[in-house]
Amino acid sequence: MKYYAVKKGRQVGIYKDWDSAKAQVDGYKGAVYKSFSTKQEADNFIAGITVKQQPPKTELQSMKSIRVFTDGGSRNTGNYKGGQVKKTDKAAWAFLIQTPQQNYKGTGFEAGATNNRMEIMALLKAMSSITSLKLNPDEVEFVLDSKYVLDAIRLGWLKGWAKNGFKRKNGELKNKELWQKMYELLPKFEKSIFSWTKGHAVSQGNIFVDELLNQTMDQN
């Protein structure tokens, strides 16, 4: 049996026969669709999760059996004193989930987003994917190069923002809606480890997600 996944069309979804799927993509400009032999593969395709059969090796042995690398980036043309991100600036996020059996990757594009926003988004997407893949969050180590995101989690900033109605003491909390989602997801990962690595240096997993998000920006 085949499953037809329509990622972009009149009606996004998974169809069990080609005629139903064809009705959603035939004549639709920019339609994105693909057939799979299992529903899980079709679900992963729509969710933007890709299974990697040959993962890059990690440089350090982790205490956890599942290692997750996340990264975000922005090609900010206003990256100078007083400059602002423009609506046309490219930005993207990416993650790599390494398990003993197989690996998964995901990436996404957003125009006009800051680097910090993409760093938060990458971690959120990885957490959501771990949940949808039914992986054990107790066995997860997250590896990030963003001290801003890590400090918000490890130093309790996020808990403080939540108590204050998701506001900072000195005013607005940027990316408020993303931090709210993070706060909702974190209890599921209370036994996970959150680690820092130097960006784009010696960590092969970090280098991989950096290259992946740059490919995404190049393609958009």
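Is G205 buried or exposed? In this predicted model, G205 is buried, with a relative accessible area of 0%.

**View 1. G205 in helix α7.** The residue G205 belongs to helix α7, which covers residues 204–218. Because its relative accessible area is 0%, G205 falls under the 20% limit for a buried residue. F166 is 39 residues away from G205 in sequence, and their C-alpha atoms are 32 Å apart in space.

**View 2. The buried side of helix α2.** Helix α2 spans residues 39–47, and its buried residues are A42, N44 and F45. These residues lie on the same side of α2, because they cover an arc of only 160° around the axis. After α2 comes G48, which has a positive phi, near 80°. F45 also has a charge over its ring: the charged end of K7 is 5.5 Å from the ring centre.

**View 3. The aromatic pair F142 and F189.** The structure holds nine aromatic pairs. F142 is in strand β8 (residues 140–144) and F189 is in the loop between α6 (176–185) and β9 (193–196), so the pair ties together parts that are 47 residues apart in sequence. Both F142 and F189 are buried.

View 4. Y148 and W179 form an edge-to-face aromatic pair, at 5.8 Å centre to centre and with 75° between the planes. This pair links distant parts of the chain, since Y148 is in helix α4 (residues 147–154) and W179 is in helix α6, 31 residues apart. W179 has a relative accessibility of 0% and therefore counts as buried. Ring pairs join Y148 and W179 with W157 and W161 in a cluster.

**View 5. A lysine over the ring of W196.** K147 lies over the face of W196. The distance from K147 to the ring centre of W196 is 4.6 Å.

**View 6. Packing of helices α3 and α4.** Helix α3 (residues 115–132) packs against α4 at an angle of about 55°, and the two axes are 9 Å apart. At that angle α3 is oblique to α4. On the α3 side the contact is made by N116, E119, I120 and L123, and on the α4 side by Y148, V149 and I153.

**View 7. V25 and its contacts.** V25 is part of helix α1, residues 18–25. With 6% relative accessibility, V25 counts as buried. Which residues is V25 in contact with, leaving aside its neighbours within four places in sequence? They are V6, K8, R10, W18, A31 and Y33. L124 is 99 residues from V25 along the chain, and 30 Å separates their C-alpha atoms.

View 8. F166 is a residue other than glycine with a positive phi, near 55°. N175, also a residue other than glycine, has a positive phi near 60°. Both count as buried, because the relative accessibility is 12% for F166 and the relative accessible area is 16% for N175.

Key. Residues are numbered from 1 along each chain as its sequence is written. This is a predicted model: local features need pLDDT of at least 70, side-chain atom pairs count only at pLDDT 80 or more; totals for chains, interfaces and linings use all residues. Side-chain values use heavy atoms; hydrogens and water are left out. Helices (H or I, at least four residues) and strands (E, at least two) are DSSP runs, numbered from the N terminus. Buried means under 20% relative accessible area, exposed over 50%, partly exposed in between (1.4 Å probe, protein chains only). The arc is that of the directions from the helix axis to the C-beta atoms. Rings of Phe, Tyr and Trp (its six-membered ring) pair if their centres lie within 6.5 Å; planes under 30 degrees apart count as stacked, over 60 as edge-to-face and the rest as tilted. A charge sits over a ring if NZ of Lys or CZ of Arg is within 6 Å of the ring centre and within 35 degrees of the ring normal. Axes are lines fitted to C-alpha atoms, for helices over the stretch in contact, and angles run from 0 to 180 degrees between N-to-C directions. Angles under 35 degrees count as roughly parallel, over 145 as roughly antiparallel, 65 to 115 as roughly perpendicular and the rest as oblique. Contact means heavy atoms within 4.5 Å.
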